[in-house]
Amino acid sequence: MTAVYFAPLQSMTTFIYRNAHNRVFGPSIDKYYAPFFMAHEKRNFNFKEKLDLGIRENASTHMVPQILTRNAEDVIRYQRILLDMGYKELNINLGCPSKTVTSKGRGSAFLIYREELDRFLDGVYEGADPAGSISVKTRIGTESPEEFIYLTEIYNQYPISELTIHPRTMRQFYDGVPVRESFLYGLKYCQRPLVYNGDIWSVEDWKALKEEAQRVCPGKSFQLMIGRSAIADPALARKIKGTGGPARPEEYMDMLHELIDNYRELLNDEQMVLFRLKELWSWMIRQFPGKEEQLNLLNRCDTMDQYLQYEEQILMG
């Protein structure tokens, strides 16, 4: 059976969300990837990172930390710290297209510097502790999908435990459609275990991708990573695996009310809690066609009592 991973979404899929999702829908998720942390020179983790990566906070999930850096020594240092904490895998972010990241040559912007990228990976895998694995998440290039041909040659040189491919360029951001041909090229020519990530919104999307992959590379397997679509449909992984059906209103409510309780305890600010909930509903409303008016009311509410009223109208009305 295909493994299904939950992609990191910065500020959204923190330990509070991961734990709530895991309790209600989690048996279908094989790994949760944490939002990236930045490498620091004078400390290991800041307060928010310590909280999100804490062993106690992540005891109920199979969580994988993700690092954002261009320095191989950072990866080696943090891998050792995380191994001591009990984490067996560290993921390198070469996929983030956010301008706050790419303006400093990090994330997907690093892909244009292919010689430096090659040296970086050489340093990482030369110095990595064999007690743990190091995986990579990548885009297919910065400007053009053709860049992925050269990136594949680089990736094939190193023992990457899993290579997650989001088949868009940095410039595409999340716009347009994924360049599936680039993923299929990777499936054919990449010598590392692959994971597909990008615009799998339904079981039908997944079946279509698998069928296309089997035509190009019969018998070749790969895993799946879902992110925005898993926020929109918390039950998507179990539907893909065939282990369960659509999310029931009671399950949404169960997850959301755990989020409310834990966000309240952490943030101690009702408006911030409401902001987090509204952000989730901007995605989840896709599963509730015809409830856009109730969503508009929910987005305008400024008290928790109002929120709960409109939430019930969406879920139960």
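Colleagues, by class, the lining of the largest pocket comprises 14 nonpolar, twelve polar and four charged residues. Here Ala, Val, Leu, Ile, Met, Phe, Trp, Tyr, Cys and Pro count as nonpolar, Asp, Glu, Lys and Arg as charged, and the others, Gly among them, as polar.

The model is predicted: local features need pLDDT of at least 70 and side-chain atom pairs pLDDT 80 or more, whereas totals for chains, interfaces and linings use all residues. Residues are numbered from 1 along each chain as its sequence is written, and side-chain values use heavy atoms, without hydrogens and water.

The largest pocket holds about 620 Å³ of space. Its lining has 30 residues, and P8, L9, Q10, P97 and Y174 are the closest to its centre. A pocket is an open set of points on a 1 Å grid over the protein atoms alone, where a 1.4 Å probe fits, with protein on both sides within 12 Å along at least five of seven lines; lining residues have an atom within 4 Å of a point. Grid points are joined across faces, edges and corners, and a volume is the space filled by probe spheres set on the points.

Which element gives the most to this lining? It is β7, with three residues. Helices (H or I, at least four residues) and strands (E, at least two) are DSSP runs, numbered from the N terminus.

I turn to the second largest pocket, of about 520 Å³. Among its 21 lining residues, S11, T14, K48, E49 and D52 lie nearest the centre. The largest share of this lining, six residues, comes from α2. Its classes are twelve nonpolar, five polar and four charged residues.
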